[in-house]
Amino acid sequence: MVMPEHVCPYGLKTIDLLKREGFEIEDHHLETREQTDAFKEKHGVKTTPQTFIDGERIGGYDDLREHFGKSVRKEDETSYQPVIAIFGVAFLLGLAISWYVFDTIFTVQAVEWFVSLSMALLAIQKLQDVRSFSTMFLNYDLLARRWVRYGFIYPFGEALAGVLMVAHALPVVSVPISLFIGTIGAVSVFKAVYIDKRELKCACVGGSSNVPLGFVSLTENLFMIGMGLWMGAKALGWIVL
């Protein structure tokens, strides 16, 4: 579809894929709604674009990817990509800040920044749609099931603790929050996944994710517990760097 106010993005992706596969393309634009509807009716299809190779209809963009043996993500397919992206960027940011402050990436503070930045970035994902997050959170969090409002408060607490820990400020606030939500979260996830054997989606990266509840979400909570204990010990002078 190529119209004054709309150019089909999947059409552009299809053309790009065909070019990368070495095909010469004869591109037929559908320039009006009437042309589009007539095309769909003629070929018995529900979507455009449609690709034909040597007169044989291959199908839409996903069909074309399958034709070339490329991966196609299913609608409800689980994925760890959001978590990998968040932890990966947080890790690199921790190293970058360490390099800027200490002229080296090999510091304990780099690890502290990695964990605290991960908490802040994960909180951002949840805060984009707190209602959606809190709904998914109710599927497994033990405290949220008893006190529904906790699901709305949780991402703000995680964000506050993460930001304060990045600044190494107000441990009297950040440490209790981190220990509290981390402990409840870890117990809730462990019970849901490893005791009750439930297959659920994790709310750790927001309410619309396809990240499976399990090791990753447990790791997030253990990170918060570990960071809370570490920053608390530093604040009490038990650890001196």
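A residue counts as buried when its relative accessible area is under 20%, as exposed when that value is over 50%, and as partly exposed in between. By that rule Glu112, at 2% relative accessibility, is buried. The structure is a predicted model. A search of the whole structure finds seven salt bridges, and one of them joins Glu112 to Lys234.

- Helix α5 covers residues 108-127, which makes 20 residues.
- At 1.5 Å a residue, helix α5 should span 28 Å, and its end C-alpha atoms are 29 Å apart, so the two values agree.
- Of the 20 residues of α5, 14 are buried, so the helix is largely enclosed by the rest of the structure.
- Helix α10 runs over residues 215-235 and has 21 residues.
- From its first C-alpha to its last, helix α10 reaches 30 Å, close to the 30 Å expected at 1.5 Å a residue.
- Just after α10, Gly237 takes a positive phi of about 80°.

**Ala233 in helix α10**

- Ala233 is found in helix α10.
- Ala233 has a relative accessible area of 11%, and because the cut-off for buried is under 20%, Ala233 is buried.
- Leaving aside residues up to four places away in sequence, Ala233 touches Trp238 and Ile239.
- Leu142 is 91 residues from Ala233 in sequence, and their C-alpha atoms are 28 Å apart in space.

**Salt bridges**

- Side chains of opposite charge can pair when their charged atoms come close.
- In the salt bridge of Glu112 with Lys234, the closest N and O atoms are 3.0 Å apart.
- Glu112 lies in helix α5 and Lys234 in helix α10, so this pair ties together parts that are 122 residues apart in sequence.
- An α-helix has 3.6 residues a turn, so residues three or four places apart point the same way.
- Arg20 is exposed, with a relative accessible area of 52%, while Asp16 is partly exposed at 38%.
- Another salt bridge links Asp196 and Lys191, whose closest N and O atoms are 2.8 Å apart.
- Asp196 is partly exposed at 35% relative accessibility, and Lys191 is partly exposed at 34%.
- Salt bridges that share partners also join Lys126, Glu158 and Glu220 into one network.

**A nonpolar surface patch**

- Phe190, Tyr194, Ile195 and Phe215 make a nonpolar surface patch of about 450 Å².
- Helix α9 (residues 171-195) gives the largest share of this patch, three residues.
- Phe215, another member of the patch, has its place in helix α10.
- Phe215 has 63% relative accessibility, and because exposed means over 50%, Phe215 counts as exposed.

- Strand β3 (residues 51-53) and strand β4 (residues 56-59) run antiparallel and are joined by three bridges.
- Thr51 stands opposite Gly59, which is in β4.
- Two residues lie between the strands of this hairpin, and in the hairpin Asp54 takes a positive phi near 55°.

- The peptide bond from Thr48 to Pro49 is cis, with omega near 5°.
- Pro49 is found in the loop between α2 (33-43) and β3.
- Asp103 has a positive phi of about 65° although it is not a glycine.
- Asp103 sits in the loop between α4 (81-102) and α5, and it counts as exposed at 65% relative accessibility.
- Lys197, which is also a residue other than glycine, has a positive phi near 60°.
- The loop between α9 and α10 holds Lys197, and at 61% relative accessibility Lys197 counts as exposed.

Note on methods:
Residues are numbered from 1 along each chain as its sequence is written. This is a predicted model: local features need pLDDT of at least 70, side-chain atom pairs count only at pLDDT 80 or more; totals for chains, interfaces and linings use all residues. Side-chain values use heavy atoms; hydrogens and water are left out. Helices (H or I, at least four residues) and strands (E, at least two) are DSSP runs, numbered from the N terminus. The expected span of a helix is 1.5 Å times one less than its number of residues. Buried means under 20% relative accessible area, exposed over 50%, partly exposed in between (1.4 Å probe, protein chains only). Contact means heavy atoms within 4.5 Å. Two strands pair if DSSP finds at least two bridges between them. Patches are made of residues with over 30% relative accessible area and no salt bridge: like charges are joined within 9 Å, nonpolar side chains (Val, Leu, Ile, Met, Phe, Trp, Tyr) within 5 Å. Accessible areas come from the Shrake-Rupley method with a 1.4 Å probe; for residues, only the protein chains shown count as cover. A salt bridge is a side-chain nitrogen of Lys or Arg within 4 Å of a carboxyl oxygen of Asp or Glu.
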